[in-house]
Amino acid sequence: MKFFKTISDSITNRSFYHGISNHSNKQSWKYFLGLNLLSSIVIYIALVVFITPVFLVLTSKESQTELQKVFPSDLIITMKGGQLSINQPEPYSIPLPKSLQNGRNIDIKNLITINTKEDFSYEAYSDSQSFIYVTKNVVAVPDSRKGQVKINSLKSFEDVVIDQDKFISLVDLFFSFIKKLAIFALIPVFVLVFVFNTASNIIFIAVLSFVVWLIQKLTSQIKSYGAIFKEGLYLITSLVILDLLLVISGIGSITLLYIAVYLLIYQLLIGYKK
């Protein structure tokens with residue numbers, strides 16, 4: 001097949017690059033997009049293979065049942081007018097399930113602590129050793145930034161009364177939604193992988209083509225930036241394959257390595273001088 005022959009030539013064949021000037025822009029972009037489509041399919045399959053077992057465990061009936069057991073049978077949470085109250089002595093904590101701790105020695109001991117009798121303070125939040133800390137009118141959770149806390153007002157929450165039966169029904173609804181979302185997300189996720197993969201390669205080629213153009217200016221070689229960029233649409237093949245190998249092996253992308261390899265391949269297959 002011509003496409004795979006082009007892949008081979010773009011990696012090893014010096015004479016192939018001598019005739020690139022005769023390739024139309026449409027032909028070059030068609031190859032480049034095909035290459036990115038193929039690599040995106042490989043990345044997507046690897047992503048699905050990696051995520052699926054984890055997703056199946058997290059959304060299993062056992063996980064669903066265990067989450068439903070977290071909510072105590074004698075607890076009733078009432079949200080009214082942006083303020084929260086419960087029918088139990090406070091502060092009231094629900095321990096973090098052992099399955100979520102995975103045997104690790106972590107600072108968080110409770111899934112949630114409710115204390116509507118006191119105003120929020122960082123000291124109280126820290127002392128609670130809870131993932132979620134709720135006062136009368138705010139809820140605090142760990143921020144993605146290490147050591148930070150995100151505080152949200154309860155005024156945006158609708159009035160609701162939650163008991164164990166209500167919580168179980170909410171968990172059922174949540175797990176059903178997540179499973180359906182995973183199915184509908186299959187195509188959008190692939191599109192995102194393809195768009196991100198293609199865009200990042202275009203940016204890489206654009207930047208490195210400028211570097212090559214500067215080098216050639218210093219060596220008095222006359223070649224336009226557009227011509228160098230077109231060469232890059234094929235030269236990127238080796239890096240796409242290298243990136244796939246590194247990502248799938250778990251090593252991950254190494255930008256500096258890609259830059260060095262690209263410039264080296266350019267010298268080997270095309271050259272900076274006449």
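Threonine 65 lies in helix H4, residues 61-68, where helices are DSSP runs of H or I with at least four residues, strands are runs of E with at least two, and both are numbered from the N terminus. This is a predicted model, in which local features need pLDDT of at least 70, side-chain atom pairs count only at pLDDT 80 or more, and totals for chains, interfaces and linings use all residues. Residues are numbered from 1 along each chain as its sequence is written, and side-chain values use heavy atoms, with hydrogens and water left out.

Threonine 65 counts as partly exposed because its relative accessibility is 28%; buried means under 20% relative accessible area and exposed over 50%, with partly exposed in between, for a 1.4 Å probe and protein chains only. From threonine 65 to lysine 217 there are 152 residues in sequence and 68 Å in space, C-alpha to C-alpha.

Helix H8 covers residues 186-218, and at 1.5 Å a residue its 33 residues should span 48 Å, which agrees with the 49 Å between its end C-alpha atoms; the expected span is 1.5 Å times one less than the number of residues. Among the buried residues of H8 are Val193, Phe204, Ile205, Leu208 and Val212. The buried residues of H8 pack against helix H3 (25-58), helix H9 (225-248) and helix H10 (255-269), contact meaning heavy atoms within 4.5 Å.

By class, the lining of the largest pocket has 22 nonpolar, one polar and one charged residues; Ala, Val, Leu, Ile, Met, Phe, Trp, Tyr, Cys and Pro count as nonpolar, Asp, Glu, Lys and Arg as charged, and the others, Gly among them, as polar.
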